[in-house]
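Work through the exercises below with the model open. Each task is followed by its solution.

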2 protein chains.
Amino acid sequence: MRYELYYWPGIPGRGEFIRLALEEAGADYVDVAREAGGLDAVAGYLEGETTQRPPFAPPFLKAGDILVSHVANILQFLGPRLGLVPADEATRYWAHGLQLTITDFTLEVHDTHHPLGPSLYYEDQKAEALRRSAAFIEDRLPKFLGYFERILRANTTGREHLVGDTLSYVDLSLYHMVAGLRYAFPAALAAVGPDVPRVIALADHVAERAAIRRYLESPHRIPFNEDGIFRHYPELDRTGG
Amino acid sequence: MRYELYYWPGIPGRGEFIRLALEEAGADYVDVAREAGGLDAVAGYLEGETTQRPPFAPPFLKAGDILVSHVANILQFLGPRLGLVPADEATRYWAHGLQLTITDFTLEVHDTHHPLGPSLYYEDQKAEALRRSAAFIEDRLPKFLGYFERILRANTTGREHLVGDTLSYVDLSLYHMVAGLRYAFPAALAAVGPDVPRVIALADHVAERAAIRRYLESPHRIPFNEDGIFRHYPELDRTGG
């Protein structure tokens, strides 16, 4: 099976959660929008010319006749196919619920620089971004990371994994979250890091996996930048101290 | 199977998307937090005393040994069990993707009154709420509703349904979205309504279904109010004209 990933080129963005799963598994995939004519292909889906079931937005994934949209939905589709989630039903709903919490967390990171929504530029909402970022760093960042720390502590079957005793797509996504926070909010993450040692250790271990390290060092990996979700605006990165 | 729904009492909130599916199907369920001692039961799950797999937040659903969190995850779990989604795999991923778009839409409605996040009161972010609501009404509201209008137009198998030719949990959720918008943003919805006649018709038909009407007229249904997601603050409801 050759998977087709559709996501905006130029940013890691939400597509990166999918790429990490595909890369870890050594899956055969094409990053469509980064090929010649790829943006037209994305538009064909979004505008309903290619399909009667158009996605609302990228990322979406095509696998044979199946089209799947939204990061968490794509990962629950890929999980069993790539060996990145345990087999039992209860655990799959659990993993998907964790991934949906990462979805919410990701949007709150995005909203630190876009508190008034995606219709306006950052430059048009800088004052609001300062206030939202302060609340994020003070309240939401420790709440989300603390939640995943508790999950890791409670998972007695696999201390370095969120789900079961082997690597899952949720571990890969939490790694990406930590990597993004290290880029966007280095001071705030350094301040909260000591309270969430298991989360930091998980992220470090994922980064050391052979397939992931190979990918991170490859030209295919798009660096974080100020057009994506995780943006480093130093004015927003305070420790709250 | 007796389902246990865990959600904050006092607001329809995100729990309402679940209640509508359970009510339409005539399922046996208990709204735990509205029973005596129910809030302690919710806390027991959230704090990890009752389970090693604590949800991040309500709503969550218990079905025998399975615990499922997040609205869209709960609905994809319930869909086949309640006869509220077609059987084929591609359609289930499609329905879940639509539901996740409703999740995003719901959060953007919430953020009209909480653009600086859930850590602050509305009274502490009224000026920002005005700006975010203007962008929501101008840009995001027509974009989301227009998307669902396109889906209804493209679905040649069932003109009054988003997915296939019968009622699904996604139809019920879109009904609730329209009902909430009618409450929170009556002027803005009246302005965009003529552009999305299929969405409005779907909502009206769902409201007329026997089980839904019975539920809406029952004391179990919690009215919209200013502690929930859909809040009627007249100052935020402009037509953009």
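Predicted model: local features only at pLDDT ≥ 70, side-chain atom pairs only at ≥ 80, totals over all residues.

Residues are numbered from 1 along each chain as its sequence is written, and chains are lettered from A and ligands numbered from 1 in the order in which they are written.

**Exercise 1.** Find the rotation that superposes chain A on chain B.

Solution. Superpose the copies by least squares on the C-alpha atoms of residues with pLDDT of at least 70 in both.

**Exercise 2.** Describe the side of chain A that touches chain B.

Solution. Count residues in contact (C-beta atoms, placed from the backbone, within 7 Å): 39 residues of chain A meet 39 residues of chain B. Next, list the elements that give two or more residues: strand 4 (66–69), helix 3 (71–82), helix 4 (89–113) and helix 5 (126–154) of chain A.

**Exercise 3.** State how helix 1 and helix 6 of chain A cross.

Solution. The axes of helix 1 (residues 15–24) and helix 6 (residues 169–184) of chain A come within 9 Å and cross at roughly 130 degrees. Helix 1 of chain A is therefore oblique to helix 6 of chain A, as angles under 35 degrees count as roughly parallel, over 145 as roughly antiparallel, 65 to 115 as roughly perpendicular and the rest as oblique. Residues making the contact include Phe17(A) and Leu20(A) of helix 1 of chain A and Leu172(A) and His176(A) of helix 6 of chain A.

Key. Axes fitted to C-alpha atoms, helices over the stretch in contact; angles between N-to-C directions. Helix = DSSP H or I, 4+ residues; strand = E, 2+ residues; numbered from the N terminus. Contact = placed C-beta atoms within 7 Å. Nonpolar A, V, L, I, M, F, W, Y, C, P; charged D, E, K, R; others polar.
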